[in-house]
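Dear colleague,

I am handing over the structure we spoke about, together with some notes on what turned up in it. Please have the model open beside you while you read.

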Amino acid sequence: MRQEHLDIILEKHKAQPVGSGYIDIIVRRENYQNLIQELIENGFIIESISWWEWCENETECKYGLGGPQSDFYDGWFAEIPVDVDDVQLPKLNDAESIEEVVRIIEDKSIKFSDETIKFKNSDWLTPAIWMNVPDEWKNKKSA
């Protein structure tokens, strides 16, 4: 039941898992705050954040290395080759946990050789949520 509930939450917020598990769940900018809130309020644990580039077509990506076509929008996601941001939420209540995950996303800055990209200034920079769930869980998309 709990895994099915997670799949319902992801679908509701148009969050797209890459592959068969629950890491790299790409979520567009207009949906990430509500997704994070609903996940945390339902007891799901967010482990890390990875980063993707939103592209109108797969040939226009500047930073990303490639990835899936969006299941919900006209365009593509390309994974940006940077380390994931681990999420540490020691003994925080739900509201504090939500605020911390949102802060990690909104404060994101990536330094490339010729420029620094900030989440707040780059509408194409897209977070992906890594969930801490049992390894045997496979997302609805892969079923």
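Predicted model: local features only at pLDDT ≥ 70, side-chain atom pairs only at ≥ 80, totals over all residues.

In soluble globular proteins, nonpolar side chains tend to be buried together. Leu39 shows how such contacts bring together parts of the chain, for, with residues up to four places away in sequence not counted, Leu39 touches Leu6, Ile9, Phe44, Ile46, Ile129 and Met131.

Tyr22 is the next residue to look at, and you will find it in the loop between strand S1 (16-17) and S2. Is Tyr22 buried or exposed? Its relative accessibility is 3%, and because buried means under 20%, Tyr22 counts as buried. Once neighbours within four places in sequence are left aside, Tyr22 is in contact with a set of residues that includes Leu6, Leu10, Ile129, Met131, Trp137 and Lys140. Although Tyr22 and Leu6 are 16 residues apart in sequence, their C-alpha atoms are 9.5 Å apart in space. The side chain of Tyr22 also makes two kinds of pairing worth checking on screen: a polar contact with the side chain of Asp7 at 2.6 Å, and another with the side chain of Gln3 at 3.4 Å.

As for open space, the largest pocket holds about 190 Å³, and S3 and H3 are the elements that give two or more residues to its lining. The lining is made up of Ile40, Gly43, Phe44, Ile45, Ile46, Glu47, Val87, Leu89, Leu92, Asp94, Ser97 and Asn132, which divide into seven nonpolar, three polar and two charged residues.

Finally, Ser122 sits in the loop between strand S7 (116-118) and S8. With a relative accessible area of 7%, Ser122 is buried, and its side chain reaches the backbone oxygen of Lys118 at 3.1 Å. Apart from neighbours within four places in sequence, Ser122 is in contact with Arg29 and Ile117.

With best wishes

Notes: Residues numbered from 1 in each chain as written. Heavy atoms only, no water. Contact = heavy atoms within 4.5 Å. Helix = DSSP H or I, 4+ residues; strand = E, 2+ residues; numbered from the N terminus. Buried < 20%, exposed > 50% of the residue type's maximum accessible area, 1.4 Å probe, protein only. Polar contact = N/O pair within 3.5 Å; in protein donor to acceptor, adjacent residues only side chain to side chain. 1 Å grid on protein atoms, 1.4 Å probe; cavity = no way out; pocket = protein on both sides within 12 Å on 5 of 7 lines; lining within 4 Å. Points joined across faces, edges and corners; volume = space filled by probe spheres on them. Nonpolar A, V, L, I, M, F, W, Y, C, P; charged D, E, K, R; others polar.
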